[in-house]
Amino acid sequence: MTPQQDIAREIWEIFAEPTPEKRARYEQFRLQEAAVGRRAVRFFSEFRPAHLDLAETISTRFADLVSTAPTEVDGLRAVVHEYRRLEPTTHPDLLYHALRVFVTHHHGSVDLEIPSILVTDPELVAPSEGDGSQRERDSRLAVAAGSPEETRLDWFREDPLLNEHHAHWHVVYTGNNPLERQGEMFFYMHRQMLARYNAERTALTISPVKAYDDFRQPIKVGYAPGPDVRLGRTFDDRAPNLGLLDGNDVSDQRTLLTDIRNDLLAGTFDVTAAVNEIVQADRLGSTIEPNARALPGKTYRGYHGFGHVAIADSDLDGRFGVMARTTTAIRDVVFWEWHQGIDDIYGQWQTRLQPYNFRTDAPKTLLRKSVDTAGQPFSPDLIVCKTASLPTGITPEQAGTLLFGGANWNTDFGNVLATANNSAGQPIRCQTTNALNTRMQSGTIRFTDVGGVPRAYNYPFVNHDPFSLFIRVENKNPVKTTVTVRVFLVPDTQAEDRTKWIELDKFLADLNPLEKKVIYRADTASSVIRKPAVTNPATNNTAFDPTNINAANARCNCGYPYHMLLPRGTTAGMKFRLMVMLTNADIDIAGQQANCASLSFCGTRNQNYPDRRPLGYPFNRPFATPAGIAGTIAGQDNMASRVITIKQV
Amino acid sequence: MLHLHTPPQHPALPGFRLALRQAMISAGDLPAWTETYSDNPNALLELIVDERIVLELSVNQPAPAPARLVGLLHRPAVPTWRQQASRAGQLSVRFLSALFIAFFPKCPFCWAAYMSYLGATGVVSVQYQPWLIWVLAGLLAINVGVLYWTRHRHGLGPFWLCLAGAALVITNRLWLNEPALLWLGAGCLLVGSLWNSLSQKMTDSIRYWGGVIGIAPHPNHHA
């Protein structure tokens, strides 16, 4: 093993050390300190600005150690040494957060890896249902009584890699050193999570998430994180219909929300000739989140984090709920309700924007329109293939051109076995489809509990059959054109609600002059997922692999889990609308494209965000009436949509 | 390509789309069209085939049966000479304006290149001064130097072309005095300078069209 691999392994193994024991040891230290009148962090929360400041101090010190060392490896050894020095007197979760921030933002030649959450914090992502024993089931139901329908979405909220996605995003976009457009991204990334959550609720005929934005009201649904989370000595249960602790929080929250709404109505964040909507979205998001670019003097600075902590601290026994940590918050129903309230603020601000006139800067491209037998939008130019049926011995791009371009340009490919001949005259085939299949699978979390007891929990996760998208587009321009291809998905019943559209992908495509091109895109290349696509969470960086310690092959951990790229749908088949929009890349591109990780949620590492359009474009503004969203798509040559069914098999 | 122009809330629109789909399938066509919307809610729904309105529906009229639409889909559409001339004119104007913008000198170096070209070839009418040849030589040197400096844009092709052109022009002015060589050198300078002033996208487009008409490698769609 090279020195680079050796130090990377050492840091990997620090993350892999069991945290519950560390928390227990630290608690002894904290009690000793308290006995002599000294205060130490009792419970670390990324949502507490003071805690973030402490973590930031440490991560900055780590970075300084590397930058001042003779070599990078020497610097990283000094980081490990410093970590060990701080360990006995620093809250382990705080110290881990500091190390995560350092590793994530480290851009030396040594590619550092952070293990999967299944390795770093397995007890925090164990299913709340435990191992299904009657004792655990009774205990849980006693706490979560009154919310049987919410329990049906435990698989979604408790998905280990979805929790990891949320936690990692908050490490990439940390509060004290905000990245470009962080406030806007804060709103957008959480809106996308909500859109996906709401799609799952729609599938289960559960009403969309309602905002919890009034602390005077009790929180209806309780949450019991599960037996091993408790064994981790970390989180507390919350009983149903629990009111928040009496005190300042309750009245403060209403005052702060009123202040926000008044500022929105007063036009504090309105677009002006001098300040565009990206800057204003960033200011509003930065102030609400908060991060260091928050507007000064606003009472509601940190409204979002304030809510997390207040809700997590809603019990009387002095312990905290899962809402206090980015690693666990999304497990709780109230996380989504609180964030719906945050999203409503974003939405209120967006309603003050004028609808786009998409004709002004649309590239001269053509996506053809049609309807299916039910009269629903069905562009023949959006073709979906099952990846497993793609022909071999030929690239997918070549296959797409042969199967769907040329002489087949005017052929309808709904749900057929497309055939063509390759250059050698041999037949090639591909099964197109109107239905994508998802399926529930099971994974196992294994770890050694406090006291050396081996534990194993099965958890369910959704996955889908790999699919490929082929887009037929005609360039009407006599010069070469580069377009940004934006792909979205929405439950058919919510297609007129712009906040419900799920971003599936965003990428560039070159079109030759007047070319009729078939663009190919695999689901594994999606801009919203982390790369490489993890098809099985059990194989997700759960063992140190020195062959990956190579900056050229650097793995980037940001992004939505691949296995959750598609909503689960229903067993009978649930209708969704797939939409593609082509925009002019000459206008869009602001910087280098990402070569790994999620472009959509993290941009390009250490570069400006590569898309100059507001996040979520074109769904970031109200649509013109009476055309609405469907009418706008139908009336634009650079947009098209089609219905597609997602079926859980 | 068929086109619908309609108010988006036209009552017959959903039924019309379905009927159109069925009609196109019956006619053996791919059921596909484009749509644009009228802001006037009382406007007619118009079906346009080859830029001619073949059917109009008021807001009170129901969608026609697919069989009726089938007959409208394949109207012979022979464009008149006026339409052909108009299209050709529109294309030419767009193409020429794009070329003008592409070649318009946008920086001091471009001005230097153009002026050196015009001066060296004698297009600019000035009284002859013996020292002028060295001014022109200086401008040509700047032009060639800039082409080398910006070689990351289009490689060394424009540089070598202009260097050859400059050498021809200067040697011709000083010693040979052969008009054909002068124009050959001027041609090299012109092509090299224009080549370098094109955007990468324009170069790609020209290369693409060159492939289509057979004077460059054929564009490989499958690459």
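Close-up 1. B:Glu51 lies in the loop between β3 (45-49) and β4 (52-57) of chain B. Helices (H or I, at least four residues) and strands (E, at least two) are DSSP runs, numbered from the N terminus. Phi of B:Glu51 is positive, about 65°, although the residue is not a glycine. Most residues other than glycine have a negative phi. The model is predicted: local features need pLDDT of at least 70, side-chain atom pairs count only at pLDDT 80 or more, and totals for chains, interfaces and linings use all residues. Residues are numbered from 1 along each chain as its sequence is written, while chains are lettered from A and ligands numbered from 1 in the order in which they are written.

**Close-up 2. A:Leu514 has a positive phi near 55°.** A:Leu514 sits in the loop between β9 (502-511) and β10 (516-522) of chain A. It is partly exposed, with 17 other C-beta atoms within 10 Å.

Close-up 3. A:Pro618 belongs to the loop between α19 (599-602) and α20 (628-634) of chain A. A:Pro626 is also in the loop between α19 and α20 of chain A. Most peptide bonds are trans.

**Close-up 4. Helices α7 (residues 157-176) and α8 (residues 179-197) of chain B pack with their axes 7 Å apart.** Their angle is about 155°. Axes are lines fitted to C-alpha atoms over the stretch in contact, and angles run from 0 to 180 degrees between N-to-C directions. That angle makes α7(B) roughly antiparallel to α8(B); the term covers angles over 145 degrees. Contacts from α7(B) include B:Leu161, B:Leu168 and B:Leu176. Those from α8(B) include B:Leu182, B:Leu189 and B:Trp195. Contact means C-beta atoms, placed from the backbone, within 7 Å. The residues of this contact divide into 16 nonpolar, seven polar and no charged. Ala, Val, Leu, Ile, Met, Phe, Trp, Tyr, Cys and Pro count as nonpolar, Asp, Glu, Lys and Arg as charged, and the others, Gly among them, as polar.

**Close-up 5. Helix α9 (residues 200-212) of chain B has 13 residues.** It reaches 18 Å from its first C-alpha to its last, close to the 18 Å expected at 1.5 Å a residue. The expected span is 1.5 Å times one less than the number of residues. Just after α9(B), B:Gly214 takes a positive phi of about 90°.

Key. Parallel < 35°, antiparallel > 145°, perpendicular 65-115°, else oblique. Contact = placed C-beta atoms within 7 Å. Buried ≥ 20, exposed ≤ 12 C-beta atoms within 10 Å, placed from the backbone.
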